[in-house]
Amino acid sequence: MMHDICQAPVSLDDPALVDEWNGMIRAFMAHGTATPTHLGAVLSGAPDFAMGYAAKGLFSLMMGRKELWDVAHQAGKDATAALARAGGSPRERLWVRALGEWLDGRPSGAIAAMERVLSDLPNDTLSAKVSHAVRFILGDGVGMRGSIENVLDAHKGHALEGYVLGCHAFTLEETGDYDAAEVTGLRGLELAGDDAWGLHAVAHVYDMTSRPDQGISLIENNTSAWDHCNNFRYHVWWHKALLHLDRGETDIVMALYDQQIRADKTDDYRDIANATSLLMRLELEGVHVGDRWDELADFAQHRTDDGCVVFADLHYQLALCAAGRTEAQEAMTLRFAQDAVRQGEMPARVANPGKAALAGLNAFAEGRYDAAFQNLASARPGMQTIGGSHAQRDVFERMTIDAGLRAGMVDATEALLEDRVARRAGAIDRFSATRLASISDARRIPAQ
C-alpha cells in the first residue's frame with residue numbers, strides 16, 4: 001500500500017493520484033483554492049476510494065450550509081458503497097465513520113473517529129486538521145489544544161510540521177497562552193510560508209493583547225501566507241480591519257470592507273460573519289455604514305431555516321435586525337424556539353446559549369437595552385460553545401457591554417469589562433478604554 005504526505009497508508013495505487021491526493025492535503029492545510037480541484041481529480045481517477053468521498057462529505061458539512069447536507073449525504077452513500085466494493089484501511093474506515101456520525105447529528109462522534117485515527121497514526125496531519133476544524137465549530141478550545149499537542153512529537157521533521165505548529169499556535173491563543181502562541185505561530189510560518197491559519201493565529205494574539213501595529217505589520221509583510229487562499233483571505237482582511245479599528249482608523253476600516261472583505265458578494269456564512277460583525281463594531285463606534293446592511297440581509301433572509309451552526313445564525317440575525325427585516329427576524333426566532341426543544345448536539349446549543357443570545361440581539365435592535373443586556377449577559381457563559389474564536393465572538397461582548405451602558409447598568413457592565421480585560425491578559429484596547437471612560441463619566445454625573 002502506498003503512503004501519502006502524512007506518512008499514512010492510502011488505498012491509491014497510481015502515483016499520479018497520490019500526487020493529487022497530496023495536493024489536496026497541502027491545499028486543505030493552507031486553505032487554498034485548489035482543494036476541491038485535487039479532490040475531484042482523485043475521485044475521478046479512483047471511484048472506489050472511500051476516504052475521498054468521506055473527505056468530500058466532511059468538507060461539505062464544514063461549510064455550515066443546509067443545501068450542502070444533501071451533498072454530504074450522497075458522499076456518505078458513495079463512501080459506504082466504495083468500502084463494500086473495495087474495502088479500505090482502518091484509517092479510511094474511520095473517516096467514513098466520522099462522516100456518518102456527523103450526518104447523524106453527532107459532530108463529537110466525528111471528532112472521536114479522527115482521534116481514533118490519530119491514536120494509531122499521530123503523524124496523520126490531515127486527520128489532525130479535521131479534528132481541529134470540527135472542534136473549532138463546537139467551540140472546544142481546550143480539546144483543540146490537547147488534540148494537537150498529542151501529535152506534536154510525531155510531526156518533528158515532518159513535511160507538514162509548519163501547519164501543525166500553526167494549529168498549535170491557534171489553540172495556545174484561544175486558551176490564553178499568548179506569548180507561546182506568538183512564538184509558535186511565527187516558527188510555523190518559517191516552515192510553512194503559505195499557512196494562513198498560522199499567520200491568523202498570531203494576528204489573534206496581537207488583537208487580544210492590543211498590539212495593532214504589530215498585527216498590521218505581520219499581515220502586510222506576509223502576504224504570501226494568505227493571498228493564495230479561498231475565502232479565508234477575506235477573514236485575514238477582517239483581522240486587519242479589526243487592528244485598524246483598534247487604532248481608531250475607521251476610514252481605513254470602511255475601505256477594507258468595501259474593497260476587500262465584501263468585494264465579492266459571497267454568501268458563505270463565514271464571510272457574512274466577517275461583514276456583519278465588522279459593521280456592528282463600526283456602528284457601536286458611531287460610524288454610519290449606509291445601506292451596507294441591505295446586501296447582507298438579502299442573503300440572511302434566505303438562511304433563517306438553515307440551522308447548521310448557531311454562530312452563523314446569530315450573524316445572520318445581526319444583518320436582519322440592522323436592516324429591519326422584521327418578518328425574517330421573526331422566522332429565525334420561531335425556528336430557534338422549535339430547534340431548542342429537539343435532541344442533539346447542535347439543538348442543545350440553540351437552547352443554550354442560542355435562544356438568549358438571539359433575544360438579546362432582537363432587543364438591542366429595538367432599543368430595549370435593559371432586556372438586551374439581560375439576555376446577552378445570560379447567554380455569555382455559554383457563548384464559547386457556538387464555535388468561532390474569541391475575536392469573532394467579541395462582537396457579542398461589545399454589544400452586551402454597550403447595552404449595559406445604555407441601560408444605565410454601570411456596576412454590572414464594569415464587571416463584564418473587567419472580565420474582558422482579564423481574558424486579554426490585562427490589555428486594554430480602544431474599546432475597553434472608551435467604555436471604562438464612559439463608566440467613569442457616568443459615576444461623576446449625579447442622578448437627576
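Reader: Which residues does Ala340 touch, not counting residues up to four places away in sequence?

Author: Ala340 touches Pro347, Val350, Ala351 and Lys355 on that count. Keep in mind that this model is predicted.

Reader: Where does Ala340 lie?

Author: Look between two helices. Ala340 sits in the loop that joins α18 (326–339) to α19 (345–365).

Reader: What separates the C-alpha atoms of Ala340 and Pro353?

Author: Compare the chain with space. Along the chain, Ala340 and Pro353 are 13 residues apart. Their C-alpha atoms are separated by 9.9 Å.

Reader: Is Ala340 buried or exposed?

Author: Start with the cut-off. Buried means under 20% relative accessible area. Ala340 has 16% relative accessibility, so it counts as buried.

Reader: Now His235. Where is its place?

Author: His235 belongs to helix α13, which covers residues 232–246.

Reader: Is His235 buried or exposed?

Author: Use the cut-off again. The relative accessibility of His235 is 7%, so His235 counts as buried.

Reader: What does His235 touch, leaving out residues up to four places away in sequence?

Author: On that count, His235 touches His200, Asn274 and Gln392.

Reader: How do I read a nonpolar core? Which members touch the most others in the largest one?

Author: Think of buried nonpolar residues joined through their side chains. The largest nonpolar core has 96 residues. Trp226, Leu278, Leu282 and Leu314 touch the most other members.

Reader: What is Leu314 in contact with, leaving aside neighbours within four places in sequence?

Author: Its contacts on that count include Phe336, Gly354, Ala357 and Leu358. Leu361, Met383, Ile386 and Phe396 are also among them. There is a second, separate core as well, with 55 residues. Ala46, Ala54, Met114 and Leu121 are among its members.

Reader: Step back to the whole chain. How many helices and strands are there?

Author: The chain has 23 helices and two strands. Its radius of gyration is 22 Å, close to the 22 Å from the globule rule for 448 residues, so the chain is as compact as a globular protein of that length. The C-alpha trace spans about 80 × 45 × 35 Å along its principal axes.

Reader: What share of the residues is buried?

Author: Buried residues make up 58% of the 448. The chain exposes about 17100 Å², and carbon and sulfur atoms supply 51% of that.

Conventions
Residues are numbered from 1 along each chain as its sequence is written. This is a predicted model: local features need pLDDT of at least 70, side-chain atom pairs count only at pLDDT 80 or more; totals for chains, interfaces and linings use all residues. Side-chain values use heavy atoms; hydrogens and water are left out. A nonpolar core is a set of buried Ala, Val, Leu, Ile, Met, Phe, Trp, Tyr and Cys residues joined through side-chain atoms within 4.5 Å. Buried means under 20% relative accessible area, exposed over 50%, partly exposed in between (1.4 Å probe, protein chains only). Contact means heavy atoms within 4.5 Å. Helices (H or I, at least four residues) and strands (E, at least two) are DSSP runs, numbered from the N terminus. The radius of gyration is taken over C-alpha atoms; the globule rule is 2.2 Å times the number of residues to the power 0.38. Accessible areas come from the Shrake-Rupley method with a 1.4 Å probe; for residues, only the protein chains shown count as cover.
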